[in-house]
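Hi,

Here is the structure I promised to pass on. Have a look at it first, and my notes follow below.

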Amino acid sequence: MRVIGLAGWSGAGKTTLLTKLIPALTGRGLRVATLKHAHHAFEIDRPGKDSFVHREVGASEVIIASSRRWAQIHELGDAPEASLAALLRRLSPCDIVLVEGFKRESHPKLEIFRAANGRAPLHPGDARIVAVASDAPFPDAGRPVARLDDVEAIAELVLRLAEPIGSVLERLDSHGAAD
């Protein structure tokens, strides 16, 4: 398993790029997993559904299973947020893990930059950003830069720059950073 993140400001196009990048990678015969950080409460089941009701009445963990998929929902309560390292350890084996968010963690990251956001790029201040996908040129980036709309070039960067999960976990464990 190899790991790389997609980091950038809100509105830069991380999710849009992921929806194009995943098929580009699976089309090469790779098994892809994603791990997304949400900055607030979120729901994956809907009010009125059994799994939602189970959690609402106090279940700390709910597994929903069918013949096609299963999902696990774990309520944290007052416990601290799970670390990126802990979440990576929960993944089933795959070829590549694409992490969306967790921009302050020490895993390798591809910055997604959109000039219209009006925000400064992240890569000058983060040595763990190993490449940039942008709609603006960065001739002095000091790392590979791909056009934001060139999904094949971005896929090549992801495959070349993603790191083995063991190395990523070792670094995450030693830094103990949180998003």
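Which residue lies over the face of Trp-9? That is Arg-119, at 3.6 Å from the ring centre. Please keep in mind that this is a predicted model.

Next, the aromatic rings. The structure holds one aromatic pair. The partners are Phe-113 and Phe-138: their ring centres are 5.1 Å apart and their planes stand at 75 degrees, so the pair is edge-to-face. Phe-113 belongs to strand E6 (residues 109-113), while Phe-138 sits in the loop between strand E7 (129-134) and strand E8 (145-147), so the pair ties together parts that are 25 residues apart in sequence. With a relative accessible area of 7%, Phe-113 is buried.

Now for the nonpolar side chains. The largest nonpolar core has 24 residues, and those that touch the most other members are Leu-98, Leu-110, Ile-112, Ile-154 and Val-158. At least two residues of this core come from each of strand E1 (2-7), helix H1 (14-26), strand E5 (96-100), E6, E7 and helix H4 (151-161). H4 gives the most, with six residues.

Leaving aside residues up to four places away in sequence, Val-158 touches Ile-4, Leu-21, Leu-25, Ile-96, Leu-98 and Leu-110. There is also a second, separate core of 14 residues, with Ala-33, Ala-85, Phe-102 and Ile-165 among them.

Happy browsing, and all the best

Methods
Residues numbered from 1 in each chain as written. Predicted model: local features only at pLDDT ≥ 70, side-chain atom pairs only at ≥ 80, totals over all residues. Heavy atoms only, no water. Phe/Tyr/Trp six-rings, centres within 6.5 Å; stacked < 30°, edge-to-face > 60°. Helix = DSSP H or I, 4+ residues; strand = E, 2+ residues; numbered from the N terminus. Buried < 20%, exposed > 50% of the residue type's maximum accessible area, 1.4 Å probe, protein only. Lys NZ or Arg CZ within 6 Å of the ring centre and 35° of its normal. Core = buried A, V, L, I, M, F, W, Y, C linked by side-chain atoms within 4.5 Å. Contact = heavy atoms within 4.5 Å.
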